[in-house]
Each structure stands twice: as C-alpha cells, then as structure tokens.
Amino acid sequence: MSTLKGTIRQQIIDLLTLETMTAQELSQTVRVAEKDVYRHLTHIEKSVAGQGRKLSVTPCRCLACGFTFSQRRRLTRPGRCPRCRQSRIDHPLFRIVA
C-alpha cells in the first residue's frame, strides 16, 4: 500500500473502504498496537454511521468446532469457545460498506 495520509482513524477508514481486513492487519499497516485499533474501530463505527455507511463485521469462528460468534457485540476476538472451550479462534474481519 502506498503512503497513507491523515489521522490514524482516517487511514483505517480508507483501508476498510478498499478491502476487508483483520485488526491485526490494520495494526501492521497503520503501525499502531492491535488493542488501539479496536478502540479506533468503535469510534469509526459511529462516525461512518453518520455518513450513511456501516462497519461490517464478519464474526469470529472457532477453528476447532466451527462455532460462530454471531451474537457477539464486542469487536475484539474472544478468548475461548463457549462450546468446546478451545482457544483456537480466528480473527473477526472488518469492512466499511455503503
């Protein structure tokens, strides 16, 4: 990706408008801690809603049993699966859609 300009939130918005990414990928691209990306995403979710757009979240899924965290409201990845108690959980995917 070419040089990103603007605030960190604007950079994240620009990236998520172009492609679907995990918080880990966003963290590496904009060079901030992953936990900070989650904080920015909660604010981005509200600001893009005011523009008539939406932060689309593809929920986490347990890699051991296939359980999907579709009812989860938090944007962060859960620690364990409630069904099998494994901690092998993939990252949620984020994208901004019209």
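The largest pocket in this predicted model is lined by Val57, Pro59, Cys60, Phe69, Ser70, Arg72, Arg73, Arg74, Leu75, Thr76 and Pro92, where a pocket is, on a 1 Å grid over the protein atoms alone, an open set of points where a 1.4 Å probe fits, with protein on both sides within 12 Å along at least five of seven lines, and lining residues have an atom within 4 Å of a point. The space in this pocket comes to about 200 Å³, a volume being the space filled by probe spheres set on the points. Its lining divides into six nonpolar, two polar and three charged residues.

A word on conventions: residues are numbered from 1 along each chain as its sequence is written. Local features need pLDDT of at least 70, side-chain atom pairs count only at pLDDT 80 or more, while totals for linings use all residues, and side-chain values use heavy atoms, with hydrogens and water left out.

Let me turn to Leu55, which sits in strand 1, residues 54–58, strands being DSSP runs of E with at least two residues and helices runs of H or I with at least four. Leu55 is buried, with a relative accessible area of 3%, buried meaning under 20% with a 1.4 Å probe and protein chains only. Among the residues that Leu55 touches, not counting those up to four places away in sequence, are Leu16, Leu41, Leu75 and Phe94, contact meaning heavy atoms within 4.5 Å.

Leu16 also belongs to the buried residues of helix 1 (residues 8–18), together with Gln11, Ile12, Ile13 and Leu15. These buried residues pack against helix 2 (23–30), helix 3 (34–49), strand 1 and strand 2 (93–97).

Technical notes:
Ala, Val, Leu, Ile, Met, Phe, Trp, Tyr, Cys and Pro count as nonpolar, Asp, Glu, Lys and Arg as charged, and the others, Gly among them, as polar. Buried means under 20% relative accessible area, exposed over 50%, partly exposed in between (1.4 Å probe, protein chains only).
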